[in-house]
Amino acid sequence: MTERNVSFVASGQIPPSPPPAATTGVMGWLKENLFSGPVNSAVTVICIGLVLWFLPGVIQWAFVDGVWIASSLKECREINAAGACWAVIVERFDQFIYGFYPEELRWRPNLAFVLLLVALVPALFDNVPYRGLGLMFSALYPVVAYFLIWGGSVWGPLLLLAAPMVAYAAFVGIRRLIDGPFAAIGAFVAALLWLLFVVAPADGAITRAIGDSRFEGQIAELEAQIAGDVESGVRAEIAEEWAAIPTADERDSFLANAVEAKRSALTTELANLRQLPERRDRLAQFEAELAAMEDDIPSEYSGVGSRSELQNLDPPPPADVRRQLEDLFAKETQVLGAERQVDSTYQRLGLVGLTPVSSDQLGGFLLAMIIGVAGIVLSLPIGILLALGRQSGLIFIQSVSIMFIEFFRGVPLITLLFVANSVLAYFFPPNANLDLILRVVIMVTLFASAYMAEVIRGGLAALPPGQYEAADAMGLDYWKSMRLIVLPQALKISIPNIVSTFIGLFKDTTLVVVIGLLDPIGLINTTRADSAWNGIIWEFYVFVGLFFFIICFGMSRYSMYLERKLATDRR
């Protein structure tokens, strides 16, 4: 080579130059996302213009002119007629959160919500200290939350916690005899039978046994309270009200009335308690009479279960049979009344647990969270089982799964809610006593499970056949191949659709208003019925909509986080 050619050969590497300023930082992001082309730039400018035109008015209405303290809509309009009347939200805030839950017991749903966050952390994130213990608590949380919110006897939750052990024992026993999916089916049936036919009777039996052991002592305690110093205890209970009374005579009169009311309540409770043996004997007598009357009914009319069925019989029964059936229905009413009296007395006498709270006291966002979280948590595993059942080679399991999925996907949720309100209780044993909210949770869960099954089936169908073949080549059985190889990949593919189903389910909880449950939408109607706030619309729906947006947006963001975390096709 000549000297002239050598002079053009570089003696070292050229240092990398920084990227153009227009492709990095804020300017690069704006150019890539907002001004990448003529159409994108025009849409960006139009949207910015709409926001600048619309947003100042919203801020002015909601914050600048908004009224936060007032006792009525009229007072809000007198303070500022152009702004939002947030005073109604401030005044009814507790009701929107808790419904009609007793104020002195609201620490229980508060604790349940905090424990919900604790249970979600190990279930949603990996790098958590003591995650194994956390997952165990997550599995126990539904029973803990039920006990905290509804209260009642502690024996029922403990018996519920025994259901997984019953299912596991049935699974192990059946698997020793028969290999395949029958062990899982048997475990599910065993747990279901335990929940339907063992939990409630055992709970009642334990409560009655404790009540019988406490009977004499409770009577002696009430007699001592009535004969003792009632006034000192009443003084402590009414201290604040008593101190606010201006004159001494009025204070003495108030104290005397309170003492008399307390003594009367203790006397009534003692009288009710003393009537327990008599009520129990009366119940046994009524049950014996009912059994004898049922034996006397002709066999062709033994299936008539109510007066409405009796009225619709064609041809009508003879007069003597009609009279027998009407007497039978009257006796059934007597038995139910006697059972309620005995059970309520035993609930007060033998209760070991928390003060019971009835479902008609639940409402607001508390009710929406109960139905939404329960439906989300339960629908995913049931949906997975249904999706696997639909692909099963066993014709019976496949047919049942297909019929279940197609039925619940083809029926509107509002129809299922009416079924939960009026019909579902007839499918459970007479002593099951499932209240309305639990029946709604069951129907919402079944409805969401059908959609979840199809979402999971789409993920299973997206896997290449080689994954199934690889599991077979490794010698894995059906359950291990599904748990270790197939389902993790199918669930990863299905994450966006799974979360979309969860979001739709959570928003659909507002439909329970049609069966009389006071969710946030139901409380809006109740509040607007108050003459002081009649006429307010936008403030209610903005407040409720913001709550649902925060929850649904959180689920959406977690879905995106999970997709990024599980992505294996990115460098």
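**A charged pair and its surroundings**

Modeller: The side chains of Arg390 and Glu454 meet in a salt bridge, at 2.9 Å from N to O. A salt bridge here is a side-chain nitrogen of Lys or Arg within 4 Å of a carboxyl oxygen of Asp or Glu. Helices are DSSP runs of H or I with at least four residues, strands are runs of E with at least two, and both are numbered from the N terminus.

Arg390 is buried, because its relative accessible area is 15%. Glu454 also counts as buried, because its value is 17%. Salt bridges with shared partners tie Arg390, Glu406, Arg409, Glu454 and Arg457 into one network. Buried means under 20% relative accessible area, exposed means over 50%, and partly exposed lies in between (1.4 Å probe, protein chains only). Side chains of opposite charge can pair when their charged atoms come close.

A word on the basis. This is a predicted model: local features need pLDDT of at least 70, side-chain atom pairs count only at pLDDT 80 or more, and totals for chains, interfaces and linings use all residues. Residues are numbered from 1 along each chain as its sequence is written, and side-chain values use heavy atoms, with hydrogens and water left out.

Now the helix that carries Arg390. Helix 19 covers residues 364-390, 27 residues in total. The distance from its first C-alpha to its last is 38 Å, close to the 39 Å expected at 1.5 Å a residue. The expected span is 1.5 Å times one less than the number of residues. Helix 19 is not straight throughout: it bends by about 30° at Ser379, and Pro381 follows within four residues. That bend is the angle between axes fitted to the seven residues ending there and the seven starting there. Helix 19 is mostly covered, with 20 of its 27 residues buried.

Ser401 touches Arg390 as well. Ser401 lies in helix 20 (residues 395-410). Contact means heavy atoms within 4.5 Å. Ser401 counts as buried because its relative accessibility is 5%.

Other salt bridges give a comparison. The structure holds 17 salt bridges. In one of them, Lys262 and Glu237 meet at 3.9 Å, N to O. This pair also links distant parts of the chain: Lys262 is in helix 15 (residues 248-274), Glu237 is in helix 13 (residues 230-237), and they are 25 residues apart. Lys262 counts as partly exposed because its relative accessibility is 31%. Glu237 counts as exposed because its value is 53%. Another salt bridge joins Arg131 and Asp126 at 3.6 Å, N to O. Arg131 is partly exposed at 27%, and Asp126 is partly exposed at 39%.

Tyr130 is found in the loop between helix 7 (107-124) and helix 8 (131-150). Tyr130 is exposed, because its relative accessible area is 68%. Its phi is positive, about 55°, although Tyr130 is not a glycine.

Next, the nonpolar surface. Ten names make up one patch: Leu177, Ile178, Phe182, Ile185, Phe188, Val189, Leu192, Leu193, Phe197 and Leu394, with about 960 Å² of accessible area together. Patches are made of residues with over 30% relative accessible area and no salt bridge; like charges are joined within 9 Å, and nonpolar side chains (Val, Leu, Ile, Met, Phe, Trp, Tyr) within 5 Å. Accessible areas come from the Shrake-Rupley method with a 1.4 Å probe, and for residues only the protein chains shown count as cover. Helix 11 (residues 182-197) gives the most to this patch, with seven residues. Leu192 lies in helix 11 and is partly exposed at 38%.

Last, a buried site elsewhere. Thr527 is found in helix 25 (residues 520-528). Thr527 is buried, because its relative accessible area is 0%. Thr527 touches Val88, Arg92, Gln95, Phe96, Trp533 and Phe540, again leaving out residues up to four places away in sequence. Phe540 is one of the buried residues of helix 26.
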